[in-house]
Amino acid sequence: MENCKISNLYNLDETIAKDLLVKYTYPWEVLPHIEEFIISLGKSLSKEEYTQVKENVWIHKTANVYESAYINGPVIICKDAEVRHCAFIRGKAIVGEAAVVGNSTELKNVILFNKVQVPHYNYVGDSILGYKSHMGAGSITSNVKSDKKLIVVKDKDENIETGLKKIGAMLGDNVEVGCGSVLNPGTVIGRNTNIYPLSSVRGVVPENSIYKSKNEIVEKMSE
């Protein structure tokens, strides 16, 4: 399961949550600890840089948060981030530097690395999105199986039982998800990979690849 390791998915220098992520091997192991980490980190943030707008909600003074956005703590919104009209942040969310949370996008129990874009009608729950990853309009992370069973991460013949009922998607750095795609529970997408629009994705997708369908995943040509 090398493709699923934090060390192979993310540049940890591109998130304020580095100190949390370095403690674990796989990204889904981080999910139960996001809330506690945000509350602890928020209390230590510089008051010259961050404003605590309400209980357990810290917003960097350079961030652009629209008045119509709903934000429930614990939340940290970092430098130069943009939270647009009618965004819905339910809590337990870190929005990285220069990240974009768009119109009617919903976040819950997530870490968005720096420069992540979830700009148009996205649902992102129980997920970690790496540096410069982007979810196209209407693409979502599905975080609960229809049978409500615990989630197993599957990579060909390898399986990891997570012990968790809720896991969305783990997107490596520079992942591009096409419009209207569904990332099924426990999906892991390697760095620099593109997902075709209207895809239904499950399991582990290798880095540096193009996902056209579950039976057609091709390696990117080097430039």
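This is a predicted model: local features need pLDDT of at least 70, side-chain atom pairs count only at pLDDT 80 or more; totals for chains, interfaces and linings use all residues.
Side chains of opposite charge can pair when their charged atoms come close. Three of these pairs are described below.

**The pair D13 and K18**
- K18 joins D13 in a salt bridge between their side chains, with a distance of 2.8 Å from N to O.
- D13 has a relative accessibility of 57% and therefore counts as exposed, since the cut-off for that class is over 50%.

- A salt bridge connects R90 with E106, and their closest N and O atoms lie 2.9 Å apart.
- This pair links distant parts of the chain, as the two residues are 16 residues apart.
- R90 sits in the loop between β7 (88-89) and β8 (93-95), whereas E106 belongs to strand β10 (residues 106-112).
- The relative accessible area of R90 is 35%, so this residue is partly exposed.

**The pair K212 and E216**
- The side chains of K212 and E216 also form a salt bridge, with an N to O distance of 3.9 Å.
- This distance meets the criterion because a salt bridge requires the nitrogen and the carboxyl oxygen to be within 4 Å.
- K212 counts as partly exposed, at 31% relative accessibility.
- E216 is likewise partly exposed, with a relative accessible area of 39%.

Key. Residues are numbered from 1 along each chain as its sequence is written. Side-chain values use heavy atoms; hydrogens and water are left out. Buried means under 20% relative accessible area, exposed over 50%, partly exposed in between (1.4 Å probe, protein chains only). Helices (H or I, at least four residues) and strands (E, at least two) are DSSP runs, numbered from the N terminus.
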